[in-house]
Amino acid sequence: MAVPIEDWSNYAEITDYRILGTNEILSFDIVLNTRAIDASPHIENFPELPVAVMAHELGHVLGLRDDPTGTGSVNSLMNAHSVTENKITGPRAFDITSVSMIYG
Ligand SMILES: [Zn+2]
């Protein structure tokens, strides 16, 4: 059951994700939770946070996971700590390599 949007604590959600076969994405929606983003402790020093959240969610759409190494130390768009610490708004080399491993 979907959580009502006003009860979200996440910055975003991917909805209506449709794929065909293994690597063909038909459609998806990314819904940003601007209430949670505006309330973030990071927004004041990192006003590009909404851009970072959108790019991070696109990473999920392409098949990337959060904190891909489980260490929290990789310079990656998919590592929340790294994103806010390094003000990452787009894919890093680690992310590009990861997507290349999925899609060739
Ligand atoms: Zn994520």
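**A walk around helix α2**

Just past helix α2, Gly63 adopts a positive phi of about 110 degrees. Helices here are DSSP runs of H or I with at least four residues, strands are runs of E with at least two, and both are numbered from the N terminus. Bear in mind that this is a predicted model: local features need pLDDT of at least 70, side-chain atom pairs count only at pLDDT 80 or more, and totals for chains, interfaces and linings use all residues. Residues are numbered from 1 along each chain as its sequence is written.

How confident is the predictor? The mean pLDDT (the predictor's confidence in each residue, from 0 to 100) is 87 for the protein, with 91% of its residues at 70 or more.

Buried along α2 are Leu49, Ala52, Val53, His56, Glu57 and Gly59. These residues sit on the same side of α2, because they cover an arc of only 150 degrees around the axis, taking the directions from the helix axis to the C-beta atoms. "Buried" means 20 or more other C-beta atoms within 10 Å of a residue's own, "exposed" 12 or fewer, and "partly exposed" in between, with C-beta atoms placed from the backbone. The cover over these buried residues includes β1, β2, α1 (34–38), α3 (80–86) and α4 (93–103).

Ile88 touches Ala52, Leu77, Ser82 and Val83, leaving aside residues up to four places away in sequence; contact means C-beta atoms, placed from the backbone, within 7 Å.

Now for the strands. β1 (residues 12–20) and β2 (residues 24–32) run antiparallel, joined by seven bridges; DSSP must find at least two for strands to pair. Three residues separate them in a hairpin, and Gly21 in the turn has a positive phi of about 65 degrees. Glu13 has Val31 as its bridge partner in β2. Leu32, also in β2, is partly exposed, with 15 other C-beta atoms within 10 Å.

Note on methods
Two residues are in contact if their C-beta atoms, placed from the backbone, lie within 7 Å.
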